[in-house]
Amino acid sequence: MSAPRDRKLSVLAVGVDPGALEGCTLERAEDLLGALANLADGGIDVVVTSLDLPDATGTDVIVSLRERAPEVPVIVVGDALAEPMDAFGAGASDVVPPDAA
């Protein structure tokens, strides 16, 4: 699902600092509960998340996000908590290394 050209892509960053995202609207959540609340409000085009949150870890994070908003792509910032194939199996759209620009 692509954003119409007249509005910015809305990115929800969960437990990560996505850096500067030109042309995007950035929402932030520090934990899974906050992320789920943001998704419930609608308007999120993509989620970028850590798998090490204060209230959830590992692929449970992906599963919970996908259950709340199955149409929203989830990009995982890779870490030691899940193998990339496990993340994809749980519904992640992509996995990027933690030091990716």
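User: Which residues of α1 meet α2?
Analyst: This is a predicted model. In α1, Leu32, Ala35, Leu36, Ala37, Leu39 and Ala40 meet α2, where the partners are Val61, Ser64, Leu65 and Arg68.

User: How do those contact residues divide into nonpolar, polar and charged?
Analyst: The contact of α1 with α2 has 8 nonpolar residues, 1 polar and 1 charged.

User: At what angle do the axes of the two helices cross?
Analyst: Helix α1 covers residues 32-41 and helix α2 covers residues 59-68. Their axes cross at roughly 20 degrees and come within 10 Å. Angles under 35 degrees count as roughly parallel, so α1 and α2 are roughly parallel to each other.

User: Is the crossing left-handed or right-handed?
Analyst: The crossing of α1 and α2 is right-handed.

User: Switching to the core. Which residues touch the most other members of the largest nonpolar core?
Analyst: Those are Leu12, Val14, Leu39, Val47, Ile62, Leu65 and Val76, in a core of 22 residues.

User: Which elements give two or more residues to this core?
Analyst: They are β1 (9-14), α1, α2 and β6 (74-77). The largest share, 4 residues, comes from α1.

User: What does Val76 touch, leaving out residues up to four places away in sequence?
Analyst: Val76 touches Thr49, Leu51, Ile62, Ala87, Ala92, Asp94, Val95 and Val96.

Notes: Residues numbered from 1 in each chain as written. Predicted model: local features only at pLDDT ≥ 70, side-chain atom pairs only at ≥ 80, totals over all residues. Heavy atoms only, no water. Axes fitted to C-alpha atoms, helices over the stretch in contact; angles between N-to-C directions. Parallel < 35°, antiparallel > 145°, perpendicular 65-115°, else oblique. Left-handed = near helix turned anticlockwise from the far one by under 90°. Contact = heavy atoms within 4.5 Å. Nonpolar A, V, L, I, M, F, W, Y, C, P; charged D, E, K, R; others polar. Core = buried A, V, L, I, M, F, W, Y, C linked by side-chain atoms within 4.5 Å. Buried < 20%, exposed > 50% of the residue type's maximum accessible area, 1.4 Å probe, protein only.
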